[in-house]
Amino acid sequence: MATSQIETVTTTADKAKLAAAVVLAVGAIVAFYLLTRQGSLAQWAALLVGLAAAVGAFGSSEHGRQLWAFGRDAWREVKKVVWPSRKEAMQMTAYVFGFVLIMSIFLWLTDKTLEWVFFDLILGWRK
């Protein structure tokens, strides 16, 4: 099986877009807190506009395009999943509960048996 190496080249413009996205996001948060005297409408507007600009700057970078492509591919894979019917899901849930019940009884019996062997037969502590 041949392996291919993918080399990602980050250009200066791409780095500048990422830096701008970070600055815009931080600026939006700072503006939200600085605009407390102007009212909540101005605060939320500044925050949402700043974050939208940050998302836009990030989305125009190579990393943003890769993230968007990853999201599209992940959604495409989710659509391929064959989900169980309600009946199958209920049956599997019942199997799990049944197994847990049987296992808990087994572990309880094992614990009580070992307790009896060690404390009563070997050590003789309970008389």
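Visitor: What covers the buried residues of H1?
Guide: In this predicted model, the cover over the buried residues of H1 includes H2 and H3.

Visitor: Which residues of H1 are buried?
Guide: Asp-14, Ala-21, Ala-28 and Phe-32 are buried in H1.

Visitor: Is Ile-29 buried or partly exposed?
Guide: Ile-29, which lies in helix H1, is partly exposed, because its relative accessibility is 44% and buried would need under 20%.

Visitor: How far apart are Ile-29 and Gly-50?
Guide: In sequence, Ile-29 and Gly-50 are 21 residues apart; in space, their C-alpha atoms are 8.0 Å apart.

Visitor: Which residues of H1 and H2 meet?
Guide: On the H1 side they include Ala-21, Ala-28, Ile-29 and Phe-32, and on the H2 side they include Trp-44, Leu-47, Gly-50 and Phe-58.

Visitor: How do the residues of that contact divide into nonpolar, polar and charged?
Guide: In the contact of H1 with H2, 16 are nonpolar, two are polar and one is charged.

Visitor: At what angle do the axes of H1 and H2 cross?
Guide: The axes of H1 (residues 12-34) and H2 (residues 40-59) cross at roughly 170° and come within 8 Å. H1 and H2 are therefore roughly antiparallel to each other, since angles over 145 degrees count that way.

Visitor: How many residues does H1 have, and what does it reach end to end?
Guide: H1 has 23 residues and reaches 32 Å from its first C-alpha to its last. That is close to the 33 Å expected at 1.5 Å a residue.

Visitor: And what about H4?
Guide: H4 has 37 residues and reaches 52 Å between its first and last C-alpha, close to the 54 Å expected at 1.5 Å a residue.

Visitor: Where does Glu-115 lie?
Guide: Glu-115 lies in helix H4, which covers residues 86-122.

Visitor: Buried or exposed?
Guide: Glu-115 is buried, because its relative accessible area is 18% and the cut-off for buried is under 20%.

Visitor: What joins the side chains of Glu-115 and Lys-112?
Guide: A polar contact of 3.3 Å joins the Glu-115 and Lys-112 side chains.

Visitor: New topic. Where does Arg-72 lie?
Guide: Arg-72 lies in helix H3, residues 62-80. Arg-72 is partly exposed, with a relative accessible area of 43%.

Visitor: How far apart are Arg-72 and Val-49?
Guide: Arg-72 and Val-49 are 23 residues apart in sequence and 25 Å apart in space, C-alpha to C-alpha.

Key:
Residues numbered from 1 in each chain as written. Predicted model: local features only at pLDDT ≥ 70, side-chain atom pairs only at ≥ 80, totals over all residues. Heavy atoms only, no water. Helix = DSSP H or I, 4+ residues; strand = E, 2+ residues; numbered from the N terminus. Buried < 20%, exposed > 50% of the residue type's maximum accessible area, 1.4 Å probe, protein only. Polar contact = N/O pair within 3.5 Å; in protein donor to acceptor, adjacent residues only side chain to side chain. Axes fitted to C-alpha atoms, helices over the stretch in contact; angles between N-to-C directions. Parallel < 35°, antiparallel > 145°, perpendicular 65-115°, else oblique. Contact = heavy atoms within 4.5 Å. Nonpolar A, V, L, I, M, F, W, Y, C, P; charged D, E, K, R; others polar. Expected span 1.5 Å × (residues − 1).
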